[in-house]
There are 2 protein chains.
Amino acid sequence: MDKKTKVKRVPKRGHYDQETIFNILDKAFLCHVGFIHEGYPVVIPTLYGRKDDILFLHGSAASRMMKDLANGIDVSICVSLVNGLVLARSAFHHSMNYESVVLFGKAEMVEDPEAKMAGLKVVSDQVLKGRWEEVRLPNEKEMKATTLLQIQIKEASAKIRTGPPGDDKEDYELDIWAGVVPVKHKFLPAEVDPLLKAGINLPDSVKNLFNE
Amino acid sequence: MDKKTKVKRVPKRGHYDQETIFNILDKAFLCHVGFIHEGYPVVIPTLYGRKDDILFLHGSAASRMMKDLANGIDVSICVSLVNGLVLARSAFHHSMNYESVVLFGKAEMVEDPEAKMAGLKVVSDQVLKGRWEEVRLPNEKEMKATTLLQIQIKEASAKIRTGPPGDDKEDYELDIWAGVVPVKHKFLPAEVDPLLKAGINLPDSVKNLFNE
């Protein structure tokens with residue numbers, strides 16, 4: 001564990017074991033990528049997929065970020081899930097329940113066609129398991145227009161907060177409500193493409209979102 | 001509009017007017033802050049509040065990020081909302097419906113006690129309107145333990161995608177389902193602090209979350 005990823009504040013909220021880190025990464029599909037462009041820090045949101053200790057990012061071959069990252073510059077990637085508003089009796093002890101991972105690495109371009117197709121499937125699976133098997137797969141032209149990057153997760157740390165607020169001892173006597181308002185990401189019923197051919201049913205990938 | 005924030009890819013998704021940018025910033029309360037620490041890019045999630053063209057960030061006075069940022073280094077801040085999974089007939093045209101803002105600036109510490117209290121209220125209001133009026137406000141010791149930073153939004157851009165998938169003309173004939181699965185952030189019923197004094201009702205701030 002390098003000092004870059006050491007959780008300095010509230011060390012009890014820091015977790016470094018691989019299982020915890022992978023588990024958080026597997027709950028989301030959007031990450032925020034930080035990198036340095038012409039001397040300035042830049043943060044961009046993008047989709048990702050994880051397999052083993054590899055994070056895959058994909059994007060247009062024409063994208064500035066993909067080109068920058070493909071040069072093997074340092075990147076920092078953050079994945080965070082907000083799980084609740086923690087409402088304490090004092091303004092000071094208000095907080096969030098959350099899970100987050102910050103990782104560091106360098107990206108490299110995946111060029112081998114088979115490895116690239118497999119990596120794109122990892123990203124697709126992360127967003128919606130089973131969708132890859134239902135759709136028209138990328139043709140040669142589309143593969144050329146797509147950049148796939150892989151980042152080996154060499155250094156990462158997780159932070160997690162759960163549970164009720166923690167107030168100062170004397171504040172528990174105050175007549176102020178305290179508790180947690182849980183926050184959840186929910187999928188709503190699918191909106192069918194107005195241009196969909198008649199007679200095509202909702203696919204299993206989408207149905208499964210609502211059976212979980 | 002500086003070239004740093006010019007939306008290069010899919011220019012039709014780029015929006016630069018202030019109203020659009022503020023509107024997106026007002027829909028969220030979590031941002032991802034990018035900065036350079038000892039030559040490396042770092043991305044950290046944190047709460048924020050917007051008032052006029054100022055973004056406020058708060059944190060522990062002991063936090064490494066707050067100390068770094070208070071030195072007036074360059075920061076990039078990203079706020080993103082995922083609104084839907086865009087499921088096309090081809091893997092290639094899969095996308096997300098989303099709204100995001102990327103902005104650039106430099107932070108400065110708010111030291112004047114009145115301005116600091118007002119800025120902390122802006123962050124509190126962003127997370128849960130009305131909560132500030134219900135709680136015990138920060139005392140002198142807590143104010144000292146808290147750093148408040150303000151970042152004037154000088155340069156920002158927004159990206160928005162809405163609507164159904166856009167497939168290649170010939171793919172509309174395929175027997176593949178296409179559409180959008182909307183994604184929503186939902187609040188679930190509050191979990192009362194097990195240590196709450198008897199006889200205290202749910203406050204208006206929390207009730208209002210469910211009346212919206």
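Biologist: Is Asp52(B) buried or exposed?

Modeller: Keep in mind that this is a predicted model. Asp52(B) sits in the loop between strand E4 (49-51) and strand E5 (54-60) of chain B. Its phi is positive, about 50°, although Asp52(B) is not a glycine. It has 9 other C-beta atoms within 10 Å, and 12 or fewer counts as exposed, so Asp52(B) is exposed.

Biologist: Where does Glu38(A) lie?

Modeller: Phi of Glu38(A) is near 50°, a positive value in a residue other than glycine. Glu38(A) counts as exposed because it has 8 C-beta neighbours inside 10 Å. Its place is the loop between strand E2 (30-37) and strand E3 (40-47) of chain A.

Biologist: Why are the buried residues of H1(A) on the same side?

Modeller: The buried residues in helix H1 (residues 18-25) of chain A are Ile21(A), Ile24(A) and Leu25(A). They lie on the same side of H1(A) because they cover an arc around the axis of only 100°.

Biologist: Which strands do those buried residues of H1(A) pack against?

Modeller: Ile21(A), Ile24(A) and Leu25(A) are the buried ones. Their partners are in chain A: strands E4 (49-51), E6 (74-87), E7 (95-109) and E9 (155-161).

Biologist: How many residues of the side of chain B that touches chain A are nonpolar?

Modeller: The contact takes 82 residues from chain B and 82 residues from chain A. On the chain B side, 17 are charged, 13 polar and 52 nonpolar.

Terms used:
Residues are numbered from 1 along each chain as its sequence is written. Chains are lettered from A and ligands numbered from 1 in the order in which they are written. This is a predicted model: local features need pLDDT of at least 70, side-chain atom pairs count only at pLDDT 80 or more; totals for chains, interfaces and linings use all residues. Helices (H or I, at least four residues) and strands (E, at least two) are DSSP runs, numbered from the N terminus. A residue is buried if 20 or more other C-beta atoms lie within 10 Å of its own, exposed if 12 or fewer, and partly exposed in between; C-beta atoms are placed from the backbone. The arc is that of the directions from the helix axis to the C-beta atoms. Two residues are in contact if their C-beta atoms, placed from the backbone, lie within 7 Å. Ala, Val, Leu, Ile, Met, Phe, Trp, Tyr, Cys and Pro count as nonpolar, Asp, Glu, Lys and Arg as charged, and the others, Gly among them, as polar.
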